[in-house]
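User: I would like to learn how to read the features of a structure like this one. Please take them one at a time, with the general idea before the case.

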Amino acid sequence: MATAVAATASSLSLLFAHPHSHRRCSTSKPFASPHLRRPLRASPHRAQCASDAAASTTATKHRRPAEENIREEAARLREPGHDFSAWYVPFPPTPDDDPNERYSLDDVVYRSSSGGLLDVCHDMEALARFPGSYWRDLFDSRVGRTTWPYGSGVWSKKEFVLPDIDSDHIVSLFEGNSNLFWAERLGREHLGGMTDLWVKHCGISHTGSFKDLGMTVLVSQVNHLRRAPLSRPINGVGCASTGDTSAALSAYCAAAGIPAIVFLPADRISLQQLIQPIANGATVLSLDTDFDGCMRLIREVTAELPIYLANSLNSLRLEGQKTAAAIEILQQFDWQVPDWVIVPGGNLGNIYAFYKGYEMCRVLGLVDRVPRLVCAQAANANPLYRFYKSGWSEFQPLVAETTFASAIQIGDPVSVDRAVLALKATDGIVQEATEEELVDAMALADRTGMFACPHTGVARAALSSFEISASLGLMTAQWLLVQRMG
Ligand SMILES: *Cc1c(COP(=O)(O)O)cnc(C)c1O
């Protein structure tokens, strides 16, 4: 990276030439004059490379002029218009709600008129004009490429995320496309001969957690609001965090040049999580309270100041998480559906994001069913588990005790209603893991070469307490473990 920054523009095009840009063109004509460049850019056939066409026809097929970056290329090749759209609706829809209550995604609004949550609703009729096979093929054709913005695992499914956003406003670090691997030895030796146990390794993401998947969507939308023609006076983006959200927010804001402010509970996050926002230039406030206290404060601040709220109360983030975690798993299984997916739950946005992604794929015919979801909580921060055990009779927020799984040390989850919907709709269950169980589970996973995080431990421990049958699955945040149908 340091070399790249120090290198001059011309050496950059040599050292880091994009495989789609034409090296021969760029080296022989590194500084094409502007009058030459303009008409060439307008040409979809990139005529300036024609002289080299004989060298390799396949290689010239997708070449982009060296002086054009991938955003410019995307603008030049802009795809024809479509009529997909999305907007906010109250969540959950209640009889008292005005059936017409909906808000544009361009509004800065986090709560419904009755004070409830909002949800991003897609025009499913417009999407359903295309068969499931169209969407599967389209998404498969984009995986892991570098065409802006589809190289991202989130934006490769742009039509299911923010269909209306101008690609030029997207802020992406090519997140997603994390590997899904077969945990052969863990399943065979430590889980009673489970033969089809899979791990989705979200921990290899840019800032170290799946939070990047949601943050690219939120920061892109903020960027869109700040830029012309909307030019909204949003001075920055803020969040309360148990460590991973703040790392993701600060990275995406830094990539876009947008100020970030993060509220963290003092001494309750890892050094690695603390260093990231500081290094990324965010304003970091370390407060003598827990996550729930930080959350209350950031809500007051964002209500008073022109600072956009980035917590998962904000349903935009769930759109990214549904795509690159949940839908990506289906895609990696060639659109077959796993039996179970286990998600560790804290603020409980992610478990709902999974449900939403799977349900959208089912409704649009990409798959024919949804997996059963398991939410795994640390016993020291288990409000959802207690709620579940009470037969969903009464939800009681609590003061979360310390847990090694610090990202899910949350006693008053914002998205509890969303989690309940996801679990009921998928015939899901809730599990808990004590500190001893989660640490043991982590150690066992480590012994099979995983180097698991405590959140993975929670999900792994939840798996042990299942009746182990021939088909089971597991997933966590850093590590998503899934077992598919045989
Ligand atoms: C955020 C996070 C979770 C929990 O997700 P919620 O949406 O808050 O339930 C779990 N594990 C890790 C590593 C996280 O960063």
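**Reading the model**

Analyst: Phenylalanine 451 lies in the loop between α18 (435-447) and α19 (454-464). Helices (H or I, at least four residues) and strands (E, at least two) are DSSP runs, numbered from the N terminus. Residues are numbered from 1 along each chain as its sequence is written. This is a predicted model, where local features need pLDDT of at least 70, side-chain atom pairs count only at pLDDT 80 or more, and totals for chains, interfaces and linings use all residues.

User: Is phenylalanine 451 buried or exposed?

Analyst: A residue is buried if 20 or more other C-beta atoms lie within 10 Å of its own, exposed if 12 or fewer, and partly exposed in between; C-beta atoms are placed from the backbone. Phenylalanine 451 has 11 other C-beta atoms within 10 Å, so this residue is exposed. Aspartate 334 counts as exposed because it has 9 C-beta neighbours inside 10 Å. Over the protein chain, buried residues make up 48% of the 486 residues.

User: Which peptide bonds are cis?

Analyst: Proline 149 sits in the loop between α8 (132-142) and β4 (180-182). Another cis bond runs from alanine 228 to proline 229, with omega near 10°. Proline 229 is in the loop between α10 (211-226) and β6 (236-240).

User: How should I read a sheet, and in what order do the strands of the open sheet with β1 come?

Analyst: Strands of a sheet pair through backbone hydrogen bonds, either parallel or antiparallel. Here two strands pair if DSSP finds at least two bridges between them. Three strands form an open sheet in the order β2-β1-β3, with antiparallel pairing. β2 (103-104) and β3 (117-122) stand at the edges with a single partner strand each, so one side of each has no neighbour in the sheet. Strand β1 (residues 86-91) pairs with β2 over two bridges, and tyrosine 88 has tyrosine 103 in β2 as its bridge partner. Six bridges join β1 to β3, where phenylalanine 91 stands opposite leucine 117.

User: What unit do β10, α15 and β11 make?

Analyst: A crossover is right-handed if, with the strands pointing away from the viewer, the path from the first strand over the helix to the second runs clockwise. β10, helix α15 (residues 349-363) and β11 make a right-handed β-α-β unit. β10 and strand β11 (residues 372-378) pair in the parallel sense over five bridges, with alanine 376 in β11 as the bridge partner of proline 344. Six of the seven residues of β10 (residues 338-344) are buried.

User: How many residues are in the largest nonpolar core?

Analyst: In soluble globular proteins, nonpolar side chains tend to be buried together. A nonpolar core is a set of buried Ala, Val, Leu, Ile, Met, Phe, Trp, Tyr and Cys residues joined through C-beta atoms within 7 Å. The largest has 115 residues, and those touching the most other members are Leu249, Ile351, Phe354, Leu373, Cys375 and Val458. Leucine 373 touches residues including Val341, Val343 and Leu423.

User: Where does pLDDT stay under 50?

Analyst: pLDDT is the predictor's confidence in each residue, from 0 to 100. The protein chain averages 83, and 82% of the residues score at least 70. Residues 468-480 stay under 50, with 71 contacts beyond four places in sequence in the model. Over residues 482-486 the pLDDT is also below 50. Where pLDDT is low, the predicted coordinates should not be read in detail.

Methods. Two residues are in contact if their C-beta atoms, placed from the backbone, lie within 7 Å.
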